[in-house]
Amino acid sequence: MEMLARFLVGQPFNIFVVACLFFARYLYLKLYKTQKKGHVIFLVSGLAWLFYALWEWLIKVKTPEADIRVDLLLIWPVLLVLLIWAVISSLKND
């Protein structure tokens, strides 16, 4: 968990890369797969990760001394659910 926190907390670029991966998967499914079902979750997940990247950038710019991040108790479970949903959707569609 600590390694995940080091990778994500205070690292908006890393979070942006994760968002780009979701967007890339969405575009791949939208453009190259004939099946139209199950690709919206990647768009929703990408947008959620993008908003998280923007939020981390805002926290880093406005309050760089923030040590206690209670907001992550709300953000991370939502991102985790979206991630699991996207992985399951990807396994079912491929």
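This is a predicted model: local features need pLDDT of at least 70, side-chain atom pairs count only at pLDDT 80 or more; totals for chains, interfaces and linings use all residues.
User: Which elements does the chain have overall, and in what pattern?

Analyst: There are four helices and zero strands, and along the sequence they read α-α-α-α. The C-alpha trace spans about 50 × 20 × 20 Å along its principal axes.

User: How much confidence does the predictor place in the chain, and which elements have the lowest and highest mean pLDDT?

Analyst: The mean pLDDT of the chain is 86, with 93% of residues at 70 or more.

User: Now to individual residues. Why is Ser-90 called buried?

Analyst: Buried means under 20% relative accessible area. Ser-90 has 17% relative accessibility, so it counts as buried. This serine is found in helix α4.

User: What makes the link between Ser-90 and Arg-25 a polar contact?

Analyst: The cut-off for a pair of N or O atoms is 3.5 Å. The side chains of Ser-90 and Arg-25 make their polar contact at 3.0 Å, so the distance falls within that limit. Arg-25 is itself one of the buried residues of α2. Leaving aside neighbours within four places in sequence, Ser-90 is in contact with Phe-42 as well as Arg-25.

User: Ile-75 is also in α4. Why is Ile-75 called partly exposed?

Analyst: Ile-75 has 21% relative accessibility, so it counts as partly exposed. Not counting residues up to four places away in sequence, Ile-75 touches Tyr-52 and Trp-55. Ile-75 and Phe-23 are 52 residues apart in sequence and 19 Å apart in space, C-alpha to C-alpha.

User: What makes a group of residues a nonpolar core, and how many residues does the largest one have?

Analyst: The members must be buried residues of the nonpolar set, joined through side-chain atoms within 4.5 Å. The largest such core here has 17 residues; Leu-8, Ile-15, Phe-22, Phe-42, Trp-49, Tyr-52 and Trp-76 have the most contacts inside it. Helices α2, α3 and α4 each supply at least two of its residues, and α2 gives the most, with six. In soluble globular proteins, nonpolar side chains tend to be buried together.

User: Which residues does Ile-15 contact?

Analyst: Beyond its neighbours within four places in sequence, Ile-15 is in contact with Leu-8, Trp-49, Tyr-52, Ala-53 and Glu-56. Trp-49, Tyr-52, Ala-53 and Glu-56 are among the buried residues of α3, while Ile-15 is among those of α2.

User: And what share of the chain is buried?

Analyst: Of the 94 residues, 33% count as buried. The accessible surface comes to about 6700 Å², with 75% belonging to carbon and sulfur atoms.

Technical notes
Residues are numbered from 1 along each chain as its sequence is written. Side-chain values use heavy atoms; hydrogens and water are left out. Buried means under 20% relative accessible area, exposed over 50%, partly exposed in between (1.4 Å probe, protein chains only). pLDDT is the predictor's confidence in each residue, from 0 to 100. Contact means heavy atoms within 4.5 Å. A polar contact is a pair of N or O atoms within 3.5 Å; within protein, one must be able to donate a hydrogen and the other to accept it, and residues adjacent in sequence count only if both atoms are side-chain atoms. Accessible areas come from the Shrake-Rupley method with a 1.4 Å probe; for residues, only the protein chains shown count as cover.
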